[in-house]
Structure formats: C-alpha cells, structure tokens
Amino acid sequence: SPPPTPSLAGKVLDGYLEGCLLFRDANGNRVLDAGEETYASSDFGNFAVSAFWAALANVTLSVDVASSACVDALSGARSHVPLRTRVTGETEAAGLFLTPLTSVLADVAGADTHELSAALAAALGLDPARFAGEDAAALLLQSDPYAALWQQTDGAADAAELVGLLAGFHAVAEVLALAIAPGAADDADVAGRAAGAVITALADEVAAILAGGASASGGSALNLTDAAGLQAVAVASFDYLPERGVATAASPALTDSATLSAVAEAVALAVAEIRASAASLAAGAGGGTIQQRMRVFGQQQLVAATNLADSVASLATGNETLAQVLARGDSAFTLASFSALAATAIVPEPTPEFDYAPRAPPPSSPPPSPPSP
C-alpha cells in the first residue's frame, strides 16, 4: 500500500499571523478560486499542509486577506498584505514560510523565495557575506527570526536586521495601498489587492537592480527609507491596479505632488523608525528586556498600520486636505507625532518565553517521495 501522506509544517511570519486562510494558487491568479486547497494558520502563525514535497514543486501558496482576519498575535492589528511564497526545490529543507520578503521574491523572476544569491541579497540592501549562501544569517530565511530574537541566540543581530526588513515591507505595502486605492479603507479585498500591487512594484525595483540598473531613486539597492523611491513605487503600484481587478480613481494622495511627497516622506520616516527599533532587539541593544524592546517594536508597527494608515486613507478619499492632516497631532506624519503616538499605543506585553516562543518544532527533513508506480 502507498505510504501515508505526510503533514508538512509551515508558518505565516509578519509578526505571528493567526487566523489566516492560505490556499494553493493553482492558476497563479492570486485569487482563491473554487476547488483550490486551503489551510488555516493558528497560534504563532503555524499551519500544516498534507502533501509530499514533490507534489508542491512550483506551487504558489498565498494568504487570502479578503476572507480571513489575519491578525498579528502581539499587536492585534489585522494585516491586509497578501503574503505569498513560491515552493522551490530548496524549500524542502526550509519549510513553508510566508513572509513579506518571500512575497516580494515570488514576484522576481527566477528568484528563490528561501535562499538568496549574493546579487539578490545586495539588491535588498542585505550584506551578501551574511545573508547569501549557507551562512548562519542565511538560515534565518529558512526559520523563525522572531524566535531567534526571543531566545537571544548568537544570530540575534542578524535576526533583528531581517525582522526590520520584513516590517519595512509590511508598512510600505499596507500604507501605500491606501494611498493608491481610496476604496481600500473600507474593503479588505481591495486593500489586499492594492497591497499586492505595491509588493509587485517593489519586486520590479529589485528586478531592475538585478538586471544591472538602479532603483527608482538611483541607488544600487532597494531603500525603503528613501521618500523619492517610495513615490515612484506608489505610482508604479497604481498602474498595476486594473490587472488586479481594482477600479482606479483619481486619488489626491497621488495626483497632488505635495500630498504624494508628504505621504512618501511619512512612510519613509515610519520605516526608518521601525527598522531602528528592530535593530535594538539584538542582545544588549536599546536597554531593557527583550520583552520591553519587542513591545516598543510592536507599538511602532501598530502606529504605522493604524494612525498613519488612517491619515493616508483620509487624504486619498478627499476627506481631509494635507494641511488639515498635518495640523492634527495624531497624524503620525512627523517624527515628533509618530514617536509620541508610538509611546502611547497599547500593545500587550509579550507573554513569558515558554508561552510566546513557538511551541511547534521547526520543519524536519522532507519525507521521502512516494514510490514510482
């Protein structure tokens, strides 16, 4: 008799995202269609797939943010970023991880979603000597960097850099989606499609650099803290909306140069603060316990996803002018207001290590493929 079908472990990591509905995107249209197999993420972002590795080759796994409340376990914030990964041969040793980084890489032709080449690491702004190949930092792409931080392993500094990059991708996609698609504020489906368009535009930036060109701001690496580059990403994202099934409308956040510039600068500022906070998660940096530092990190992410996002949505829908938004103290558009809001945002304290760190063991070596008939 044939061997039993194994259960393969996976994680949805953008924080720990619980309650996500995942599906095998058999036709590659980024939409959950009838008959496509689905899975659900539980505590710590864990999910399981019943399949042999061979059956998953070249399959894209996606998160359906329209029909599921994909929630960050620490902050409680709902995510509208449609995370994806493309299963490749290397994924056998890596497990099935979906992160903002794998989502970008899934849109870069020829890129492995779980292993970086030296050129790809450099294009992302990561040190190729650390994050490419089989060095310790590279293995973080095939594991849980949040656990490495919580447990303060030798790779905590590398994990912090990777976590900062993931959070930066999330903030850019979440907030710019509201700038380019006014309907995203009230419709989770539109929000997910628009955030996916931003992810694709970011992937185009990476692909252009790999092809020997430069980023939109002229750099040799993707820079999520560069306002000029983010303006270009927003415009490029808008052009992807029709093919994603999103009606385009004249958004003041795009059509008015001063508003677009202010939005891009605010997002760049938020990403810079979030990544600086992520860097402090490494052992001995920033003072306080790892629990306290993770809470600060979570608060900054929450401010970007709520206060800043709400202000951008208000601009995009025409409910407020730029002058009105800037006049408010809770707009998170300036460093002072962002820092003040982050200091007062309510994010639950992480629970003790034995309860917060992932309980499920990392995916083991892949099971054997079924025997040939």
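Select residues 257-279, helix H12, and residues 290-316, helix H13: the two pack at an angle of about 170°, with their axes 9 Å apart. H12 and H13 are therefore roughly antiparallel to each other, a label for angles over 145 degrees. The axes are lines fitted to C-alpha atoms over the stretch in contact, and angles run from 0 to 180 degrees between N-to-C directions. Helices are DSSP runs of H or I with at least four residues, strands are runs of E with at least two, and both are numbered from the N terminus.

This is a predicted model, in which local features need pLDDT of at least 70 and side-chain atom pairs count only at pLDDT 80 or more, while totals for chains, interfaces and linings use all residues. Residues are numbered from 1 along each chain as its sequence is written, and side-chain values use heavy atoms, with hydrogens and water left out.

Now show side chains at the contact (heavy atoms within 4.5 Å). On the H12 side, pick Thr 259, Val 263, Ala 266, Val 267, Ala 270, Glu 273, Ile 274, Ser 277 and Ala 278; they meet Val 296, Phe 297, Gln 300, Gln 301, Ala 304, Leu 308, Val 312 and Leu 315 in H13. By class, the residues of this contact are 12 nonpolar, four polar and one charged. Here Ala, Val, Leu, Ile, Met, Phe, Trp, Tyr, Cys and Pro count as nonpolar, Asp, Glu, Lys and Arg as charged, and the others, Gly among them, as polar.

Four strands form an open sheet in the order S4-S3-S6-S8, with antiparallel pairing; two strands pair if DSSP finds at least two bridges between them. The twist averages 20° from one strand to the next. Select S3, residues 21-24: three bridges join S3 to S4. One place to look is Leu 21, whose bridge partner in S4 is Ala 40.

Last, go to Ala 109, in the loop between helix H3 (100-106) and helix H4 (118-123). Ala 109 is exposed, with a relative accessible area of 78%.

Note on methods:
Parallel < 35°, antiparallel > 145°, perpendicular 65-115°, else oblique. Buried < 20%, exposed > 50% of the residue type's maximum accessible area, 1.4 Å probe, protein only.
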